[in-house]
Amino acid sequence: MRFSTAAAPNARVARIALWLSLTLVASPAAAQRELSAFNLPAQPLKQALIEFSRQSRVQILFPDELVEGRTAPAVSGRFSNQDALAMLLAGSGFVPDFEDARTVRLVAQAPVAPTPVPGRVAAALPPRPEEIVVTGTRIRGTVPVGSEMITLDRSAIDLAGRSTATELLRIVPQNTSLAVNDEVRVGITQNVQNTAFGSSANLRGLGPAATLVLFNGHRMAPTSAGAFVDVSQIPLSAIERIEIVADGASSIYGSDAIGGVINFVLRHDFRGSEVSVRNEFADGINRFTASAITGASWDGGNLFVGYEHHHQTSLSAKDRDYYTSDLRRFGGPDLRAAGNIPGTISANGTTYALPPNQNGRNLSAASLVPGTSNPYDNDLDASILPTQRRDSFSGSVQQALNDTISVNADGFYSRRSFGTYLTTGNSVLTVPRSNPFFVSPVAGAQSVTVLYSLRDDLGAPFGHGTSQNYSLNGGVSAKLGASWRASLSASYAADITHERVENVANTTALNAALADPDPATAFNPFASQSVTNPATLDAIRGYTADRHQRFRIKSAALRADGGLFDLPGGSVRLAAGAEYRLQGYDDTNFSFSSGTRPALSAPSSLRRRIASFDAELLVPIFGQGNELPGFHRLDISASARTERYSDVGRTTNPKFGVGWLPVEGVALRGSWGTSFRAPLLTQLGDPTILSTIVPDARSPTGRSNVVAILGNNRDLKPEKATTWSAGADLTPRQLPGLKISGTYFSIDYRNRILNLAAETAQVLVREDIYAGLITRNPSAAQVQALYDSPFLVAGSARFPANTIAAIIDGRFNNVGVVHESGFDFSASWELNTSQGVFIPVIGIAWITDYTVGRTATAPVSSSLNRSGSPIDLRGRAGVAWTKGRYDGSLFVNYVNAYHNFSVIPVAQVDSLTTVDAQIGFRFGCVAVAGDACQVQLTVQNLLDQKPPVFVNTAGRVAYDPEQASAIGRVIALDLTLRF
């Protein structure tokens, strides 16, 4: 009888999931019950035992003939060594026999229950592997066939040294940018109003709405009128792992999963308690995070509860020289406003700077110099990053009622408050002669225009508010026979935001104060500092955007999966389900910027109903029972989902996948499918119609009268995409510990919803692009029908019908097309040496093609490496080291150069390379016997690299917040106590 040994390395063992994932050290006495992060795919049992040994530091002895020809199920999650090994051996007929804490021998299963190992925690086993459902599939105990799944487990999250989900996603290469983040209030290249300072994911660079974000497998409620899911609300300390499928997944999940799916999986099998404190320091900004989690298991159930507090101070524009309206030193224009304090008088096309160091009471025309002005950098009063405070609660509970039925519930609640100083606006004041401080360079003028900043009078505009996001999910599941399981679940998710902007003027009250003849109460805009009566300032103080938004999702689902029949290669399995979902959006917006009382903008109350049915089939063509040379394993999957929307109709999306293991250590895969994204509720409203004059290449005068239809569109249809991918995963036996993965992907994205209202002036100049949106020489009846529409802007000019050269449809329309393709590559190698375990790793996302057409009939052109579009190359590479209680890592992050097309001439934006370093130490805690403590020092952007120069005229700054951060070097110190 020949024995094999799956031996653990001499030092702490690490495994890689994309870049790196390190298991946690425990004392030898606790090795059997210590929790480790496992990610073991379904594979031959012998190889699975070897991988288990590497990840747990447990040596396994077994006769070769016991494991030959046997296959182990997938095991993914955080389990004790005993529980994980029991799951690997489930159904094999063998059980582990621990000789000591670090050595185990496999023995044939006895007909009676084995004697418990002394010292083992008396707790229920976590879910068997056949009960585990991972992202990208509905079939329990399997991984998505044909698609690569990127998993960041708890150890990888800890090693990344990030305190928020927002920061963690920055280093995922497939997440091509943070299209929306807390440095972007109004989307610069993404048309998103980020009024609550949330952050989005953006897989493949297709936009935040094309990435589906799940919490524990359930949809999160989106923010900003449904435009994106705010990942900053997710408490990272409560997350066991993050599963990313960067492939179309509408056949499983429905809308939004065009670029892929990100699933934040909640801890649910955690045992014990953990308290963690983290302090982060950077130039001009600090962050503090504290968390406490606890979990317990009992006969047939488990419980997890977590709390996290996160606080961030604001980062002022004064602390970063590239956050400025004066872009001349960066090669851009001077965008400073003429409105300052002292202000600038404008008369007959000439400006006159009000002189400094005076109180505005004794000015004369002679003191005003023509051609002068008082410019002001409006950004100096602003915050780059807001003050934020977030408190998050999370939890889960599972309980088996008997051998057949179990119940479960999970959820989280986050409340985030924010406050930020906004760019100071430029007020254009009309001051009448009745003002007691009136002065004008024009003799006899009855009024004068003053360009003025109210920042000294009212303070810089200040935006503040709250954002709440929560998800509550519950269900019951039942075993139906030997392999089938059915479940009934219900979910409720909501995102509620409130914001308000203070320190703005009520123009009605301001104009009255400007006309006031009493010098004791009149507003004085001519002084070089604020000299107006405080009571007058209080009277003119107003506010804008006192806005409440609420997005809700209610859903119920009935699902079942199990085996249909057996083939020589294994069991044919089916998963099927039906789901009903309600979505609602409510919006109210008050403003007190004019008038004598707050005004309510038109409120919104929108509803949508979705009914769906999906099915997924897994067919093992070759497997343990009939493998042949070249066909060690071959699986084929097919899935489809049909959904009916109450407002945009029906859509059906299939997907096919294949997984092939020709030989041990080589896995090939491929997938093909279609995906879709439904229009936002807020895009399906009524349009706006108006007459206007625009440039026209056909007109002798160069301009023509047109009727423009702008805004929303009730006829929108879902966006659609066809995606396919092919890849390979290599784990050569000759090079133990080496893992190489490569994937090619292709996405054809059509019927993209674009709002061309801002491009109305270009439509008749570029008919080669916009021809499908133009009706040339419309009939009088066509024009009159638009004039008679209730959506015509009140007071809009009505040019005679015979003078209308065209009707322009600038609404949201299904007109855009995108083709994207590229490669993902990752590799890692675990090297055991006398100086410890060294693990070099690399992860690269390389986009080779990104072509865009503004309309379906327009010529397509490459937008790769253009501002607002994906950058062709992003990557992260480095090495981790562990020896005994010590560990460390050094990583390099790279973003390739690209071009800034928002300026003329087009400018090159340099590449960005940053370095992250980390060192950690684990030690026993004296305060509580048996505690395990860890201290960790992390430095992000070690060399303090500034963002590359990007002249951002829309944002009035000199960097691109979608691709780089203004924070700079961050030094973080973590202390964690586990017991």
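1. Glycine 955 sits in the loop between strand E51 (932–940) and strand E52 (970–978). Helices (H or I, at least four residues) and strands (E, at least two) are DSSP runs, numbered from the N terminus. This is a predicted model: local features need pLDDT of at least 70, side-chain atom pairs count only at pLDDT 80 or more, and totals for chains, interfaces and linings use all residues. Residues are numbered from 1 along each chain as its sequence is written, and side-chain values use heavy atoms, without hydrogens and water.

2. Buried means under 20%, exposed over 50%, partly exposed in between (1.4 Å probe, protein chains only). Its C-alpha atom is 8.7 Å from that of serine 325, 630 residues apart along the chain.

3. Next, the cores. A nonpolar core is a set of buried Ala, Val, Leu, Ile, Met, Phe, Trp, Tyr and Cys residues joined through side-chain atoms within 4.5 Å. The largest has 30 residues; Leu168, Ile242, Ile262 and Phe264 touch the most other members. Elements giving it two or more residues include helix H4 (154–160) and strand E15 (260–266). A second, separate core of 26 residues includes Phe437 and Tyr452.

4. Which helices cross at roughly 170 degrees? The axes of H1 (residues 45–56) and H3 (residues 81–88) do, coming within 11 Å. Axes are lines fitted to C-alpha atoms, for helices over the stretch in contact (heavy atoms within 4.5 Å). Angles run from 0 to 180 degrees between N-to-C directions. So H1 is roughly antiparallel to H3, a label for angles over 145 degrees. Among the contact residues are Phe52 of H1 and Leu85 of H3.

Conventions: Angles under 35 degrees count as roughly parallel, over 145 as roughly antiparallel, 65 to 115 as roughly perpendicular and the rest as oblique.
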